[in-house]
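Please open the model in your viewer and keep the selection panel at hand.

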Amino acid sequence: MKHGKAVVAALLGTMLMVTGLSGCGSREVSDTNDGEYQKINLSMAVNGTDTQIDSLVAHHFADLVAERSDGNIVIDVFPNDTLAGGNSTKGVEYIAVGGSDLGAYASCVLANLEPKLSVATLPWSFTSYQQAREVIDSTGGEYYAELLEAKGITYLGSFHNGFRQLTNSKHPVTKPEDLKDLKIRVPGSAVYMGVFNALGASPVAMSWSEAFTAIQQRTIDGQENGCSVTKSAKMDEIQKYMTIWNYSYENDLFVANTRVWESLEENTRLLLQECAAEACEWGRDRLEAEEDSLIQGFIDEGMQVDILTEEQLQAFKDAVAELTAELKADYGEDACAAFGIN
């Protein structure tokens, strides 16, 4: 498996731009303290729109920090990767070099820096959100932290982006043969590209910002994402068929640039860590609580939603078994063991 693209050249170019970002939310520190915490503004970058879970978690975090620091610590949230011109790959590179102070990005996006960060997205690695919580809050989180540390990034927590489901405009998908030749937008990940190739589809790596228009224009037939993202992006308005199959778990990692993080006063770091952990739990609870109602809403609005049985799912698992074995070998025993992947 090819482990993503090298980002050294991109990082060097990014470093030249960092000073130009100082007026767009980069770190600003006041010499005067008013109360317990230093006065500071920190930028936080996310890829999603204002209604997507990463933005919601970021804003909740900012509110917690403002309240508990008596307004001394201000978190400026930048959705849609506005600091990186809408490019999520550049967005994570900016975190690595300090162009953004904080961020929340899907593990498959952070995998542009380190491919092994997407190991938990392997097909059907988790059977429930509770299992994902337990594994990531123990050995999985420790593994993320180790990989990110080597990239100059500090891991602060994780929250659900959701089990990824499939929508399309052509026909119901309930067995592997139904995917044959369907053009499906996927993130440019070896896992996602590999799964849909193995199932006979035609995966198309495309920026998420382009997917809605591409479906409207019939350039592609469908997309795969968590229910909350599918709803917030209004995919239910332009897609007729949905398959609930939980084929991959995706999470967002809450991170900070390590140099910026270590420059903060200790009590500031402790407060930010506390609020980040609380915001992550808030995000997990919110996504889990709304998922069933979102699925019912899709049905009520006229989508055909097929919730696959274990028997139906087994046919898909069998079809990607060889690929899954290859991916596990590529990621290695340590990576798989960290997430309980056998």
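Which residues have the most contacts inside the largest nonpolar core? Select F61, I75, L179, F196, W245, L272 and F339, which hold that place in a core of 87 residues; a nonpolar core is a set of buried Ala, Val, Leu, Ile, Met, Phe, Trp, Tyr and Cys residues joined through side-chain atoms within 4.5 Å, and buried means under 20% relative accessible area with a 1.4 Å probe, protein chains only. Helix α5 (residues 129-149) gives this core its largest share, 8 residues. This is a predicted model, in which local features need pLDDT of at least 70, side-chain atom pairs count only at pLDDT 80 or more, and totals for chains, interfaces and linings use all residues. Residues are numbered from 1 along each chain as its sequence is written, and side-chain values use heavy atoms, with hydrogens and water left out.

Then select M206, A211, V229 and A233, which are among the 9 residues of a second, separate core.

Finally, turn to the cysteines: C275 counts as buried because its relative accessibility is 0%, and C336 is likewise buried because its relative accessible area is 6%. A search of the whole structure for disulfides, meaning pairs of cysteine sulfur atoms within 2.5 Å, finds 0. The pocket stop returns to W245, one of the residues closest to the centre of the second largest pocket, a pocket being an open set of points on a 1 Å grid where a 1.4 Å probe fits, with protein on both sides within 12 Å along at least five of seven lines.

How values were computed:
1 Å grid on protein atoms, 1.4 Å probe; cavity = no way out; pocket = protein on both sides within 12 Å on 5 of 7 lines; lining within 4 Å. Buried < 20%, exposed > 50% of the residue type's maximum accessible area, 1.4 Å probe, protein only. Helix = DSSP H or I, 4+ residues; strand = E, 2+ residues; numbered from the N terminus.
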